[in-house]
Every structure is written in structure tokens, then in C-alpha cells.
Amino acid sequence: MDRFDKFNITVIALISLITIGMLANQEIIKRRLGLNEAAAAERALYYAEQMALNAKIYQDVISLKEQELYDEAMTKLQEVMKTYPGKAQSYVYLAQLSFNTGKLSDTIHNYRLAVENDPDYMDKKTPMFIGHEVKELVKESLPKFGREKKLKPNDKEVRNTLEDLYYLQRVLAGGCES
């Protein structure tokens, strides 16, 4: 065997090794995608179950709210909150009902509680996303409560509401949540 034959055999061996490496890399990528798809499907199933459970739990509250019977809906929601303490969806409905009854500070505080208890409400990738509602509320409320703070600098409720608004603003911006 001369030098030229040895060189050709070496080149063929290198090309074979590179080809095997590329095929193995493609297989690894396919497996990862399969795992990601499985995780996405599992997440979608989780959210579907959550939405179905929430629809069942809050059925009466939603019905009363749609009929604009806000006080009755609030009463029913209080009952649900006793039965299912700690459900973040309760705070979302509480915020919506507070808004409809003109209690802006309560609305802001309840949205904060909802977001603190379940950050998925601010994740655009989830069906639970309420960021548009919260963004509109923050946009409209910050100037109002800023003026109120100037008029009533020692009012604790105004300060607390502003803290809640700043928290929601940070979460909307994707900043720190503490």
C-alpha cells in the first residue's frame, strides 16, 4: 500500500465518522423534540383540566356576574372561597366584581393577590392570561392614585394601592415580583 492509498482510506474513515456523528446528533434532536412535545401536551392537558374545574366551581358566580347581579355574585364567591380556600381564580373574580361595583382599590389588590398566588395569570402562553385587563387597569389607575397621593400624602389606603399598582406594573414588565 502506498501513501496515496493510506490517505484515501483515512479520508473515507473520517467521512464515515462525521456521517455517523451527524446521524447520532439528528437522533438526539428528534428525541428532545419528542420530550418537548410531550411536556407541551401535558401542560395543555393540565390547563384544560384547570379551566374545566374552574368553570364547574365558579359556575354560579359567572352566571350571576353575567346577569349583573354583583352583590349576589360576591356572596356566592365568598361561599366558594370558604369551600376552596387559596384558589387564585377566586381573586380574579373578586377583582372583577370589585371593579363592577366601583371599588378600585379592592380591584387592584385582588389582582395582585391572584398574580401572587398563580403567576400563570401573567404568562401569555397560558389560557389563564389576564395581562390585558391588568395592563389597562394599571394604565388608568396609576395617574389617578398618583394625584390622590399628592392630595392625601398620609392616606395608608392610597399608599397600599400604589404599592399594588407598582407590583402589577413590574410583573407586566417582566421584572422582579417581590
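1. The loop between α2 (59-66) and α3 (70-83) holds Glu 68, where helices (H or I, at least four residues) and strands (E, at least two) are DSSP runs numbered from the N terminus. The phi of Glu 68 is near 60°, a positive value in a residue other than glycine. Most residues other than glycine have a negative phi, and most peptide bonds are trans. Glu 68 is exposed, because its relative accessible area is 57%; buried here means under 20% relative accessible area, exposed over 50%, and partly exposed in between, with a 1.4 Å probe and protein chains only.

2. This is a predicted model, in which local features need pLDDT of at least 70 and side-chain atom pairs count only at pLDDT 80 or more, whereas totals for chains, interfaces and linings use all residues. Residues are numbered from 1 along each chain as its sequence is written, and side-chain values use heavy atoms, with hydrogens and water left out. The protein averages a pLDDT of 87, and 93% of the residues score at least 70, pLDDT being the predictor's confidence in each residue, from 0 to 100. Among the elements of the protein, the lowest mean pLDDT, 77, belongs to helix α1 (residues 3-57), and the highest, 95, to helix α5 (residues 104-117).

3. Within helix α1 one finds Asn 54, which is buried, since its relative accessible area is 5%. Not counting residues up to four places away in sequence, Asn 54 touches Gln 59, Lys 87 and Gln 89, where contact means heavy atoms within 4.5 Å. Gln 89 is itself listed among the buried residues of α4.

4. Helix α4 (residues 88-100) consists of 13 residues and reaches 19 Å from its first C-alpha to its last, close to the 18 Å expected at 1.5 Å a residue; the expected span of a helix is 1.5 Å times one less than its number of residues. The helix is mostly covered, with eleven of its 13 residues buried, including Tyr 91, Val 92, Tyr 93, Leu 94 and Leu 97. After α4 comes Gly 102, whose phi is positive, near 85°.

5. Ser 98, also in helix α4, is buried with a relative accessible area of 2%. Leaving out residues up to four places away in sequence, Ser 98 touches Met 74, Lys 103, Asp 106, Thr 107 and Asn 110.

6. Helix α5 has 14 residues and reaches 20 Å from its first C-alpha to its last, close to the 20 Å expected at 1.5 Å a residue.

7. Two packed helices are described by the angle between their axes and the distance between the axes. For helix α6 (residues 131-151) and helix α7 (residues 156-173), the axes come within 9 Å and cross at roughly 145°; axes are lines fitted to C-alpha atoms, for helices over the stretch in contact, and angles run from 0 to 180 degrees between N-to-C directions. The contact involves, among others, Val 134, Val 138, Leu 142 and Phe 145 of α6, and Leu 162, Leu 165, Leu 168 and Leu 172 of α7. The residues of this contact divide into ten nonpolar, five polar and three charged, where Ala, Val, Leu, Ile, Met, Phe, Trp, Tyr, Cys and Pro count as nonpolar, Asp, Glu, Lys and Arg as charged, and the others, Gly among them, as polar.

8. Gln 169 belongs to helix α7 and is partly exposed, with a relative accessible area of 36%. Apart from its neighbours within four places in sequence, Gln 169 is in contact with Val 138 and Leu 142. The C-alpha atoms of Gln 169 and Leu 142, which are 27 residues apart along the chain, are separated by 9.5 Å.

9. Glu 163, likewise placed in helix α7, is partly exposed at a relative accessible area of 47%, and its C-alpha atom is separated by 11 Å from that of Gly 146, 17 residues apart along the chain. In helix α6 lies Lys 144, partly exposed with a relative accessible area of 31%. The C-alpha atoms of Lys 144 and Gln 50, 94 residues apart along the chain, are separated by 35 Å.
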